[in-house]
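Keep the structure open beside the text as you read.

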Amino acid sequence: VKESAVPGISVKEVAKPELGRGEVLLKVSRGSICGSDLGLYEYTAAYADFAKLPVVPGHEFAGEVVEVGREVSGLEIGDRVVAESVVSCTSCRYCRSGQPNLCVQFKIFGIHTNGGFSEYAVVPFRHMHRLPDRITFQEGALIEPLSVACHALLDIAKMAIADHIVIIGPGPIGLLTAKLAQALGCTNLLIAGIEADQNRLELARRMGFTTINSSENDVVREALDRSDGLGVDIVVVAAGAEMALTQACQVVRKGGKIINIGIYPNPVQLAVTGLVRRQISLLGVFASVWENYEKAIELVSNRKVDLNILVTHKYSIEQAASAFESAKTKEGCKVQLMM
Ligand SMILES: [Zn+2]
Ligand SMILES: [Zn+2]
């Protein structure tokens with residue numbers, strides 16, 4: 001439970017949640033710690049005026065349906081499921097026009113309403129997706145971040161297979177985006193990180209990707225060399241850092257797109273005139289929508305994307321504080337909690 005506006009987290013017994021209309025009780029099996037969970041844990045400025053405390057963290061979680069409320073259809077006790085991260089209202093302009101991730105009353109599990117780092121979680125049935133038997137709960141708890149990568153590359157970047165892509169930030173979202181780009185047929189992909197990302201760049205290389213440490217090498221020159229001096233079609237910024245955004249502006253080609261998935265802890269300075277004259281699109285990506293989850297499940301089920309290589313650390317829920325501390329060091333990639 002995140003109880004107070006200071007860094008840290010506490011592990012405690014909470015009441016088993018009550019089921020409301022249209023809701024399902026989930027016996028959670030696995031949860032994955034995300035960068036935003038870390039933001040909440042540290043209580044950075046980006047979360048201090050965003051979160052609603054006290055709250056049970058976690059928006060990346062999978063488990064089994066153990067109780068079904070009134071007016072629930074399509075789900076039964078025993079179904080293995082993954083929950084979406086955003087609870088939407090169904091009736092606002094965005095919900096009605098297929099953008100429930102932008103719902104005016106949106107709530108994120110684990111930030112605005114109790115999430116999945118708990119033995120039991122309550123989720124509206126319309127925000128659940130059934131997992132095929134061949135997808136494990138370990139993989140299921142990574143469907144949400146893969147769905148964000150799907151939203152980024154398919155819906156926002158509208159990636160074409162011939163596109164040259166640079167991904168800045170080799171964290172879980174960066175690596176998942178790389179995996180997805182590869183699964184979609186992209187063959188010209190460069191992953192950039194800094195000195196502190198050494199372990200993750202190493203993991204990226206083990207996954208078969210080309211990487212560059214921009215603390216030691218010139219990422220701009222490398223990206224330009226790889227794209228006839230023009231720059232790349234798509235830059236994905238999966239690191240909330242001013243330097244990453246500056247590099248993105250330098251490696252993107254005229255008319256190209258910069259896709260921002262990272263959350264910036266602080267405001268950044270940006271030379272906008274260059275973006276205007278070079279007709280660059282600077283785009284944000286927030287969470288994902290229903291079809292992105294379905295696509296992610298299909299890709300994992302068909303073994304087009306292997307998620308297990310990203311899981312480097314596992315902790316029991318009782319060791320949640322250690323799990324968060326481990327995630328903070330960035331020594332591994334995805335840290336999971338076992339309920
Ligand atoms: Zn997440
Ligand atoms: Zn809505």
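Is Ala-287 buried or exposed? At 12% relative accessibility, Ala-287 counts as buried (buried means under 20% relative accessible area, exposed over 50%, partly exposed in between, with a 1.4 Å probe and protein chains only).

## Before you start

This is a predicted model, in which local features need pLDDT of at least 70 and side-chain atom pairs count only at pLDDT 80 or more, while totals for chains, interfaces and linings use all residues. Residues are numbered from 1 along each chain as its sequence is written, chains are lettered from A and ligands numbered from 1 in the order in which they are written, and side-chain values use heavy atoms, with hydrogens and water left out.

The helix and strand labels are DSSP runs numbered from the N terminus (helices are H or I with at least four residues, strands are E with at least two).

## The parallel sheet

Let's take the open sheet of six strands, which pair in parallel in the order E10-E9-E8-E11-E12-E13 (two strands pair if DSSP finds at least two bridges between them). Strands E10 (210–213) and E13 (281–284) sit at the edges, each pairing on one side only. From one strand to the next, the twist averages 20 degrees (axes are lines fitted to C-alpha atoms, for helices over the stretch in contact, and angles run from 0 to 180 degrees between N-to-C directions).

Now look at E11 (residues 232–237). Four bridges tie E11 to E8 (residues 164–168) in the parallel sense, with Val-166 opposite Val-235 and Ile-168 opposite Val-237. E11 also runs parallel to E12, joined by five bridges, and there Ile-234 stands opposite Lys-257. Six of the six residues of E11 are buried, so this strand is largely enclosed by the rest of the structure.

Helix H9 (residues 242–251) lies across E8, E11, E12 (252–260) and E13, at about 150 degrees to E12.

Which residues of H9 are buried? They are Ala-244, Leu-245, Gln-247, Ala-248, Cys-249 and Val-251. Their cover includes E8, helix H8 (219–225), E11, E12, helix H10 (272–277) and E13.

The largest nonpolar core has 45 residues, and Ile-143 and Leu-146 have the most contacts inside it (a nonpolar core is a set of buried Ala, Val, Leu, Ile, Met, Phe, Trp, Tyr and Cys residues joined through side-chain atoms within 4.5 Å). Helix H5 (143–156), E8, helix H6 (172–183), E9, H7, E11 and helix H11 (290–301) each supply at least two residues of this core. H5 gives the most, with seven residues.

Leaving aside its neighbours within four places in sequence, Leu-146 touches Leu-176, Leu-180, Ala-296, Val-300, Val-305 and Leu-307. Apart from this core lies another, of 21 residues, including Ile-168, Ala-192, Val-219 and Val-235.

Most residues other than glycine have a negative phi, and most peptide bonds are trans. Ala-287, in the loop between E13 and H11, has a positive phi near 55 degrees. Glu-71 has a positive phi of about 60 degrees and sits in the loop between E2 and E3 (80–83); at 54% relative accessibility, Glu-71 counts as exposed.

The peptide bond from Leu-53 to Pro-54 is cis, with omega near -5 degrees. You'll find Pro-54 in the loop between helix H2 (45–48) and strand E2 (61–68).

Definitions and conventions. Contact means heavy atoms within 4.5 Å.
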